[in-house]
Amino acid sequence: MKSFIKHLLKIALLAVFVLLPSAANAQDARLRFEKLNGLETKARDVVEVNIEGKLLDLARRVMTKSKDADAQKVSQAIKDLKGIYVRVYNFENENEYNIGDVDEIRNQLTAPGWEKLANVRSKKNNQKVDVYTMFTGDVMSGLAVVVSESKSIALVNVIGPIDIDLLMELSGKMNIPKIDIDTNK
Amino acid sequence: MKEDYLWDKTGEDAEIQALENALMAFRCEETAPPELPQKVFTVEKAEPRRFFQRFGFAFAAFAAVAVIFCAVWFQIADNKIPVIETVAETTAPKNEDQVTDGQIIKTPDDVIAPVKIVQTTAPRVAAKIRRNAVPVVRPNKAVLRNIKVKEPAETLTAEEKYAYDQLMLALSITGSKLKIVKDKIDGIEEQNAVLDTVK
């Protein structure tokens, strides 16, 4: 009996060691935006979206209800998604925010697991764009987009797999609410 | 005691006679008839007013109702009574938004607007009703041809709509930001290609 319990404990320990890294990876894909909380009062426009858990399930259910082909594609693209966190701050004037706060978020992306997908630097408007992805095996477990310009900051953190190409393709096609986000500077 | 004296005054009865003598002052004169009083009051027996007691309140109530009815009738005749006409400007709340062909039909506002109450006077309309007339409905064929039967739309709850909007917003921002990156990279690649051809 004692030997059986010992074997059981060994198996449990092994399972913990095997499963822990993947769980940790899933956790690590989440960026912390707390540093930017103070910008809400300074910014002209603020967009804050946190969609996860039951809210995400609800939205997914709405997507699946729809008979539209594009909606079905989006539904497929977000099938295994765990959460999306978005922060957009648009300022009236230049340099109204501390660039160090954004760099702190960029530093989070230097943690193991994150891989740089794209990196754009432009002197025009001090534009800095970083796209990072995190993979667990062959499956994408996280996506991070950090865009900072002289008058705006945009941060996107996606947890779970998402089809980036499909998302770009469908952007603007769906009944997506139009928001004031500057794209061309 | 001999009772004949008491019965028909025959014989003697000292005790009765003593009593008679004692009460002689009150004896009536048998020769003169008793005088009637000078004035005779005749009291007529009053009939109980049962009819008034029974129907008095009913009559009063009827009279009051009749007065009120007449007053209202004359007021209506003079078009003085206001008629409340409600003009509802409400929009469907969130949970009544609809999904048709995959597109969410959004209501103009999420907030229910207040109901506007307009007071107008109701004109008196006299209508003749012919009781025996059977209404005949003749459908306008030209109009019917143009009407397309709309499929029953699926309704979303407020929570579902909120979740959908949030997801769409998040995906929109994500897509637009990724597109910026893609356009930048494509632009740089094109520039490099042009430079290569020039060289």
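A:Val120 stands opposite A:Val129 of strand E4(A). The model is predicted, so local features are limited to pLDDT of at least 70 and side-chain atom pairs to pLDDT 80 or more, while totals for chains, interfaces and linings use all residues. Residues are numbered from 1 along each chain as its sequence is written, and chains are lettered from A and ligands numbered from 1 in the order in which they are written. Helices (H or I, at least four residues) and strands (E, at least two) are DSSP runs, numbered from the N terminus. Two strands pair if DSSP finds at least two bridges between them.

Strand E3 (residues 114–122) and strand E4 (residues 127–136) of chain A run antiparallel, joined by eight bridges. Four residues lie between the strands of this hairpin, where A:Asn125 takes a positive phi near 65 degrees. E4(A) also pairs with strand E5 (residues 139–148) of chain A, in the antiparallel sense and over nine bridges. Here A:Val129 stands opposite A:Val147 of E5(A). A:Lys128 stands opposite A:Ser148 of E5(A). The hairpin of E4(A) and E5(A) has two residues between the strands, and A:Gly137 takes a positive phi near 70 degrees.

Six strands of chain A form it in the order E1-E2-E6-E5-E4-E3, with antiparallel pairing. Strand E1 (45–52) and E3 of chain A stand at the edges with a single partner strand each, so one side of each has no neighbour in the sheet. The twist averages 5 degrees from one strand to the next; axes are lines fitted to C-alpha atoms, for helices over the stretch in contact, and angles run from 0 to 180 degrees between N-to-C directions.

Two helices of chain A are placed against these strands. H3(A) packs on the sheet and touches E1 and strand E2 (83–90) of chain A; its direction makes about 85 degrees with that of E1(A). Contact means that the C-beta atoms of two residues, placed from the backbone, lie within 7 Å. Helix H5 (residues 99–108) of chain A lies across E4, E5 and strand E6 (152–159) of chain A, at about 165 degrees to E5(A).

Helix H3 (residues 53–65) of chain A has 13 residues, which should span 18 Å at 1.5 Å a residue; its end C-alpha atoms are 19 Å apart, which agrees. The expected span is 1.5 Å times one less than the number of residues. The buried residues of H3(A) are A:Leu56, A:Leu58, A:Ala59, A:Val62 and A:Met63. They fall within an arc of 160 degrees seen down the axis of H3(A), so they line one face of the helix. The arc is that of the directions from the helix axis to the C-beta atoms. On the other side of H3(A), A:Gly53, A:Lys54, A:Asp57 and A:Thr64 are exposed. A residue is buried with 20 or more other C-beta atoms within 10 Å of its own, exposed with 12 or fewer, and partly exposed in between; C-beta atoms are placed from the backbone.

The largest nonpolar core has 55 residues, of which A:Ala59, A:Val86, B:Leu167 and B:Ala170 touch the most other members. Helix H5 (residues 158–198) of chain B gives the largest share, 11 residues. Such a core is a set of buried Ala, Val, Leu, Ile, Met, Phe, Trp, Tyr and Cys residues joined through C-beta atoms within 7 Å. Not counting residues up to four places away in sequence, A:Val86 touches A:Val47, A:Val49, A:Leu155, A:Val156, B:Ala170 and B:Ile173.
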